[in-house]
Amino acid sequence: MARLGILSALAALTPSLAFAHSGGAHVHGFFAGLEHPLFGMDHLLAMVAVGIIGARAGGRSIVHVPLFFVSAMVAGAILGMAGIGLPSLETGIALSLVVFGAVVGLARPLPLAAAAALTALFGLFHGNAHGLEIPESAGGIAYAAGFMLATSMLHAIGVLSVFKLARWPMTVRTAGFATSLVGMAMAAQAF
């Protein structure tokens, strides 16, 4: 529990790590898109959690839950590229961490429909944040391809973690609760 408190305190005190959406020059090219989800704490934690949620649900959910997230993320990005921003965007992203972390921490598998709907809802927010920063150029398209690939890789890491850490379920549960705490700290910064 002490580690969870330290992680939450660090997240609250480092807003540059918490919110990865600053726009600007970093949104050009494939490699910038590839690295963005890896270095934005909000994306990293959410994407791994989506993979865990899908794996815990089992069966078709292992593939479908991350696929619904990525599909909704693309839809959100298209809205953002069209200049349509979702209301309370950063709060929605922070809330995704709270909810995804709680689902992982409670270790209760969700039915496919519920898991897909939940991840798709928050996928819209994550994608919209990306779409609002993507320039209308070839570099922007390459950036989108990079963040979609990185997102999919992080989902795969989440899926694999469920299977590789099956003997230590508290490790995954603790990571889920830590994700929720980071989300709460981010939500507090958004207000």
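I call a crossing left-handed if the near helix is turned anticlockwise from the far one by less than a right angle. The model I am reading is predicted.

**Entry 1: helix 6 and helix 9**

I looked up the crossing of helix 6 with helix 9 and found it left-handed. Helix 6 covers residues 89–106 and helix 9 covers residues 169–190. I noted an angle of about 160° for their packing, with the axes 7 Å apart. Angles over 145 degrees count as roughly antiparallel, so I list helix 6 as roughly antiparallel to helix 9.

Next I went through the residues in contact. On helix 6 they include Thr91, Ala94, Leu97, Val98 and Gly101. On helix 9 I found, among them, Val172, Arg173, Gly176, Phe177 and Met184. I sorted the residues of this contact by class and got 13 nonpolar, seven polar and one charged.

**Entry 2: helix 4 and helix 7**

I then turned to helix 4, residues 41–57, and helix 7, residues 112–133. These two pack at an angle of about 160°, and their axes lie 11 Å apart. I therefore record helix 4 and helix 7 as roughly antiparallel to each other. The crossing in which helix 4 passes helix 7 is left-handed.

For this contact I wrote down Asp42, His43, Ala46, Met47, Val50 and Ile53 from helix 4. Helix 7 supplies Ala115, Thr119, His126 and His130. By class, I count five nonpolar residues, four polar and one charged in the contact of helix 4 with helix 7.

Methods
Residues are numbered from 1 along each chain as its sequence is written. This is a predicted model: local features need pLDDT of at least 70, side-chain atom pairs count only at pLDDT 80 or more; totals for chains, interfaces and linings use all residues. Side-chain values use heavy atoms; hydrogens and water are left out. Axes are lines fitted to C-alpha atoms, for helices over the stretch in contact, and angles run from 0 to 180 degrees between N-to-C directions. Helices (H or I, at least four residues) and strands (E, at least two) are DSSP runs, numbered from the N terminus. Angles under 35 degrees count as roughly parallel, over 145 as roughly antiparallel, 65 to 115 as roughly perpendicular and the rest as oblique. Contact means heavy atoms within 4.5 Å. Ala, Val, Leu, Ile, Met, Phe, Trp, Tyr, Cys and Pro count as nonpolar, Asp, Glu, Lys and Arg as charged, and the others, Gly among them, as polar.
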